[in-house]
Amino acid sequence: MYGYMRLTASDDDNDETETIKRELAAYASREGFTLERLFIERLRANDESAFFTLIDALKNTEVKHVIVPSLWHFARLPGLQAAMCDHIEREIGARLWIVQSAPQNRSTAS
């Protein structure tokens with residue numbers, strides 16, 4: 001399973017980042033997965049997009065599960081959140097797991 005999270009300039013706290021990583025890894029483990037890699041969107045100029053790097057990794061590996069702390073980590077606007085979720089689920093065929101949401105996953109794709 002891959003993970004994805006977004007950090008803003010005010011989130012550049014290593015303790016908080018490590019806490020989120022541990023929570024994602026623990027959630028993945030409870031669901032029977034291992035968190036293979038965490039893609040972190042830093043929203044700084046000149047940084048490569050972690051979302052596009054995640055998409056490339058999903059296309060080029062056997063990993064087909066993605067975990068995020070919440071949909072806010074994709075975007076703040078609901079329409080953009082939905083578009084990013086749809087891209088992962090429908091176009092890539094991966095399953096999205098959302099930790100702070102009910103139900104805990106959105107899709108039945110494998």
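Tyr-2 has a relative accessibility of 8% and therefore counts as buried, a word used here for under 20% relative accessible area, with exposed meaning over 50% and partly exposed the range in between (1.4 Å probe, protein chains only). The model is a predicted one, in which local features need pLDDT of at least 70 and side-chain atom pairs count only at pLDDT 80 or more, while totals for chains, interfaces and linings use all residues. Residues are numbered from 1 along each chain as its sequence is written, and side-chain values use heavy atoms, with hydrogens and water left out.

The protein chain has 3 helices and 4 strands. Helices (H or I, at least four residues) and strands (E, at least two) are DSSP runs, numbered from the N terminus. Read from the N terminus on, the elements follow the order β-α-β-α-β-α-β. The protein chain has 110 residues, and 43% of them count as buried.

The strands come next. The 4 strands make up an open sheet, ordered E2-E1-E3-E4, with parallel pairing. Two strands pair if DSSP finds at least two bridges between them. E2 and strand E4 (95–98) are at the edges and have a single partner strand each, so one side of each is left without a neighbour in the sheet. On average, neighbouring strands of this sheet are turned by 25° against each other, direction ignored.

Strand E1 (residues 2–6) runs parallel to E2 and is joined to it by 5 bridges. Arg-6 has Glu-41 in E2 as its bridge partner. At the other edge of the sheet, where E4 stands, strand E3 (residues 65–68) and E4 pair in the parallel sense over 4 bridges. There, His-65 is opposite Arg-95 in E4.

How much of strand E2 (residues 37–41) is buried? The count is 4 of its 5 residues, so the strand is largely enclosed by the rest of the structure. Phe-39 has a relative accessibility of 3% and thus counts as buried.

Aromatic rings link several of these elements. Rings of Phe, Tyr and Trp (its six-membered ring) pair if their centres lie within 6.5 Å; planes under 30 degrees apart count as stacked, over 60 as edge-to-face and the rest as tilted. The count by this rule is 6 aromatic pairs. One of them is the edge-to-face pair of Tyr-2 and Phe-39, with 5.3 Å from centre to centre and 80° between the planes. Because Tyr-2 lies in strand E1 and Phe-39 in strand E2, this pair ties together parts that are 37 residues apart in sequence.

Tyr-4 and Phe-51 provide another example. Their ring centres are 5.9 Å apart and their planes stand at 85°, so this pair is edge-to-face. It links distant parts of the chain, since Tyr-4 is in strand E1 and Phe-51 in helix H2 (residues 50–60), 47 residues apart. Both Tyr-4 and Phe-51 are buried. Ring pairs also link Tyr-4 and Phe-51 with Phe-52 and Phe-74 into a cluster.

Helix H2 packs with H3 at an angle of about 15°, their axes being 11 Å apart. Axes are lines fitted to C-alpha atoms, for helices over the stretch in contact, and angles run from 0 to 180 degrees between N-to-C directions. The angle makes H2 roughly parallel to H3, a term for angles under 35 degrees, with over 145 counting as roughly antiparallel, 65 to 115 as roughly perpendicular and the rest as oblique. H2 passes H3 in a right-handed crossing: a crossing is right-handed if the near helix is turned clockwise from the far one by less than a right angle, and left-handed if anticlockwise.

What remains is charge pairing. The structure holds 2 salt bridges, each a side-chain nitrogen of Lys or Arg within 4 Å of a carboxyl oxygen of Asp or Glu. Glu-18 and Lys-21 form one, their closest N and O atoms 3.3 Å apart. Both residues lie in helix H1 (residues 14–30), 3 residues apart, about one turn of the helix. Glu-18 has a relative accessible area of 36% and is partly exposed; Lys-21, at 28% relative accessibility, also counts as partly exposed.

Arg-90 forms a salt bridge with Asp-86, with 2.5 Å between the closest N and O atoms. These two residues are 4 residues apart in helix H3 (residues 78–91), so about one helical turn separates them. Arg-90 is exposed, with a relative accessible area of 64%, whereas Asp-86, at 27%, is partly exposed.
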